[in-house]
Amino acid sequence: DKSSILFDTVAVHLVNSTEFLKMETLPIAVDDRGFTVIDAEHGQSMNVATGWTDLDGYHRHLTEVLLR
């Protein structure tokens with residue numbers, strides 16, 4: 001799956017809400033190449049967005065917020 005180009009707006013959205021997003025608690029680490037990875041042995045448990053529950057709803061919400 002490709003990552004959305006909306007990652008910056010999603011990060012700002014996550015400050016206040018997890019609405020529209022599938023959230024999971026996963027062991028996250030940064031590997032030697034600088035990539036963020038799931039690492040059961042060395043990762044730190046974090047609540048992360050791993051997908052959309054309502055991408056169209058997010059698009060509507062983002063548009064509404066930007067046009068205020």
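Colleague: Which elements are among those that cover the buried residues of α2?

Modeller: This is a predicted model, in which local features need pLDDT of at least 70, side-chain atom pairs count only at pLDDT 80 or more, and totals for chains, interfaces and linings use all residues. Residues are numbered from 1 along each chain as its sequence is written, and side-chain values use heavy atoms, with hydrogens and water left out. Helices (DSSP runs of H or I, at least four residues) and strands (runs of E, at least two) are numbered from the N terminus. With contact meaning heavy atoms within 4.5 Å, the cover over the buried residues of α2 includes α1 (7–14) and β3 (44–52).

Colleague: Which residues of α2 are buried?

Modeller: Buried means under 20% relative accessible area, exposed over 50% and partly exposed in between, with a 1.4 Å probe and protein chains only. On the other side of α2, Asp 56 and Arg 60 are exposed. By the same cut-offs, the buried residues in α2 are Gly 57, Tyr 58 and Leu 62.

Colleague: How far apart are the end C-alpha atoms of helix α2?

Modeller: The expected span of a helix is 1.5 Å times one less than its number of residues. For the 12 residues of α2 (residues 55–66) that gives 16 Å, which agrees with the distance between the end C-alpha atoms, 16 Å.

Colleague: How far apart in space are Leu 26 and Ala 49, C-alpha to C-alpha?

Modeller: Leu 26 lies in strand β1 (residues 21–30) and is buried, with a relative accessible area of 17%. Although Leu 26 and Ala 49 are 23 residues apart in sequence, their C-alpha separation in space is 9.9 Å.
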